[in-house]
Amino acid sequence: MSIYYGIVHKDPDSAYGIHFPDVPLCFSAADELEDLLPNAMEALAISAEYEALPEPSKIETIRDLAEEDISEGAFILAVPLVSILGRTVRANVTMDAGLLESLDDAAKQRKLTRSAFIAQAVRKEIEQRP
């Protein structure tokens with residue numbers, strides 16, 4: 001999984017905005033900071049659908065590029081690229097029987113299949129911990 005670094009800006013009375021020096025036409029925004037990472041991940045994935053993305057720059061390179069922005073209050077956010085391939089594949093997983101039973105119960109309560117629940121949980125975990 002590739003990690004791209006975005007520069008986040010927040011002006012008074014505006015949403016959080018993020019842009020990617022490595023992918024100039026890719027940007028995103030969110031009213032709440034906790035929504036910015038999932039939105040940025042989606043923007044990167046959509047960009048990757050339409051063009052081959054370059055190799056991500058190292059954090060030091062991005063930090064140097066953003067030095068002035070950072071001095072004015074911006075910050076850098078690590079954003080994993082999770083490609084949307086549009087196809088599913090079968091995977092075999094092993095886990096404790098009790099955990100599997102709890103997983104099935106939680107999926108059923110949400111009216112999801114086991115697979116959909118696992119995919120949703122994995123995406124959420126990746127969004128929270130790049």
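Two strands are taken to pair if DSSP finds at least two bridges between them. In the predicted model described here, strand 2 and strand 3 form a hairpin with 2 residues between them. These two strands run antiparallel and are joined by 5 bridges, and within this arrangement Phe-20 stands opposite Val-23 in strand 3.

Strand 2 also has a partner in strand 1. The two strands run antiparallel, with 4 bridges joining them, and they form a hairpin with 5 residues between them. In the turn of this hairpin, Asp-13 has a positive phi of about 60 degrees. Across the pair, Ile-7 stands opposite His-19 in strand 2, while the bridge partner of His-9 in strand 2 is Gly-17.

Together the strands make an open sheet of 4 strands in the order 3-2-1-4, with antiparallel pairing. Strand 3 and strand 4 stand at the edges, where each has a single partner strand, so one side of each is left without a neighbour in the sheet. From one strand to the next, the twist averages 30 degrees. Strands of a sheet pair through backbone hydrogen bonds, either parallel or antiparallel.

Helix 1 lies across strand 1, strand 2, strand 3 and strand 4, and runs at about 150 degrees to strand 3. In a regular strand, side chains alternate between the two faces of the sheet. Strand 2 has a covered face formed by Tyr-16, Ile-18 and Phe-20, whereas Gly-17 and His-19 belong to an uncovered one.

The largest nonpolar core contains 18 residues, and those with the most contacts inside it are Ile-18, Phe-20, Leu-44 and Val-79. At least two residues of this core are supplied by each of strand 1 (3-10), strand 2 (16-20), strand 3 (23-30), helix 1 (33-50) and strand 4 (75-80). Helix 1 gives the most, with 6 residues. Leaving aside neighbours within four places in sequence, Ile-18 is in contact with a set of residues including Ile-7, Val-8, Phe-27, Leu-36, Ala-40, Leu-77 and Val-79. A second, separate core of 5 residues includes Ile-7, Ile-62, Ala-66 and Ala-74.

The aromatic rings were examined as well. The charged end of Lys-10 sits over the ring of Tyr-16, 5.5 Å from its centre. For pairs between rings, the centres of Phe, Tyr and Trp rings must lie within 6.5 Å, and by this rule the count comes to 0 aromatic pairs.

Methods:
Residues are numbered from 1 along each chain as its sequence is written. This is a predicted model: local features need pLDDT of at least 70, side-chain atom pairs count only at pLDDT 80 or more; totals for chains, interfaces and linings use all residues. Side-chain values use heavy atoms; hydrogens and water are left out. Rings of Phe, Tyr and Trp (its six-membered ring) pair if their centres lie within 6.5 Å; planes under 30 degrees apart count as stacked, over 60 as edge-to-face and the rest as tilted. A charge sits over a ring if NZ of Lys or CZ of Arg is within 6 Å of the ring centre and within 35 degrees of the ring normal. A nonpolar core is a set of buried Ala, Val, Leu, Ile, Met, Phe, Trp, Tyr and Cys residues joined through side-chain atoms within 4.5 Å. Buried means under 20% relative accessible area, exposed over 50%, partly exposed in between (1.4 Å probe, protein chains only). Contact means heavy atoms within 4.5 Å. Axes are lines fitted to C-alpha atoms, for helices over the stretch in contact, and angles run from 0 to 180 degrees between N-to-C directions.
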